[in-house]
Amino acid sequence: SSEGEAEWWGGVAPESCVKAVRSVEPEATIHLRVNSPGGAVSAARAMEQALREHKGQVIGHVDGLAASAATFILAGGCDRVVMASGSLFMIHKAWTISWGNAHDLRKESDLLEKIDGTLAETYAAKTGKELGQISDWMTEETWFTAAEAKEHGFADEVTATKAKASAQWNLSAYTNAPTD
């Protein structure tokens with residue numbers, strides 16, 4: 001997807017994401033904040049790859065929703081996945097819009113099955129679950145609570161309900177930023 005599409009749909013385009021990741025100090029920890037219904041597979045794969053290539057640690061934080069393409073960015077591109085209590089994680093089979101004759105539609109179906117296979121492999125590598133189980137969850141469009149995502153290996157940690165955010169932000173650009 002393009003910058004224009006990302007702006008229209010309220011998301012992040014792969015080009016700006018990749019540039020942002022590559023601009024981070026090589027050994028620095030990246031905290032990726034996610035609240036996303038997903039997006040295009042190819043766009044998300046580009047973002048995932050940029051995160052995977054980062055030499056420092058990448059911690060994905062699910063603040064509200066990680067669905068569809070957002071989930072394999074986390075599963076394949078992050079060293080750790082931390083879900084906020086109350087957040088959700090959803091996996092499903094890839095979607096498309098297609099037109100053409102029966103031959104064209106069969107080819108598109110074959111391509112979707114290949115894409116689903118690559119997604120299942122990414123989830124299996126993260127969770128340690130069998131490909132058959134992953135495929136079943138994808139077929140059913142499975143929504144996991146934070147606790148369920150942790151139980152099944154999609155998340156590494158669930159934050160406590162009353163926990164306060166402890167992110168360390170660089171506020172040096174502001175004149176009156178608090179020091180604590």
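The structure is a predicted model, in which local features require pLDDT of at least 70 and side-chain atom pairs count only at pLDDT 80 or more, whereas totals for chains, interfaces and linings use all residues. Residues are numbered from 1 along each chain as its sequence is written, and side-chain values use heavy atoms, with hydrogens and water left out.

The chain contains seven helices and six strands, where helices (H or I, at least four residues) and strands (E, at least two) are DSSP runs numbered from the N terminus. Along the sequence these elements are arranged as α-α-β-α-β-α-β-β-α-α-β-α-β. The chain has 180 residues, of which 36% are buried; buried denotes under 20% relative accessible area, exposed over 50%, and partly exposed in between (1.4 Å probe, protein chains only). The accessible surface amounts to about 11,300 Å², and carbon and sulfur atoms contribute 53% of this area, as computed by the Shrake-Rupley method with a 1.4 Å probe; for residues, only the protein chains shown count as cover. Of the contacts (heavy atoms within 4.5 Å) with a separation of 6 or more, 64% are between residues 24 or more positions apart.

Asp-156 is located in the loop between α7 (146-151) and β6 (157-158) and is partly exposed, at 29% relative accessible area. Beyond its neighbours within four places in sequence, Asp-156 is in contact with Asp-79, Arg-80, Val-81, Lys-126 and Lys-150. The side chains of Asp-156 and Lys-126 form a polar contact of 2.7 Å, that is, a pair of N or O atoms within 3.5 Å, of which, within protein, one must be able to donate a hydrogen and the other to accept it, residues adjacent in sequence counting only if both atoms are side-chain atoms. These two residues are 30 residues apart along the chain, and their C-alpha atoms are separated by 9.9 Å. A polar atom of the Asp-156 side chain also lies 2.8 Å from the backbone nitrogen of Val-81.

Thr-71 belongs to helix α4 (residues 69-77) and is buried, with 0% relative accessibility. Its side chain makes a polar contact of 2.5 Å with that of Tyr-123. When residues up to four places away in sequence are not counted, Thr-71 touches Ala-66, Phe-89, Met-90, Ile-91 and Tyr-123.
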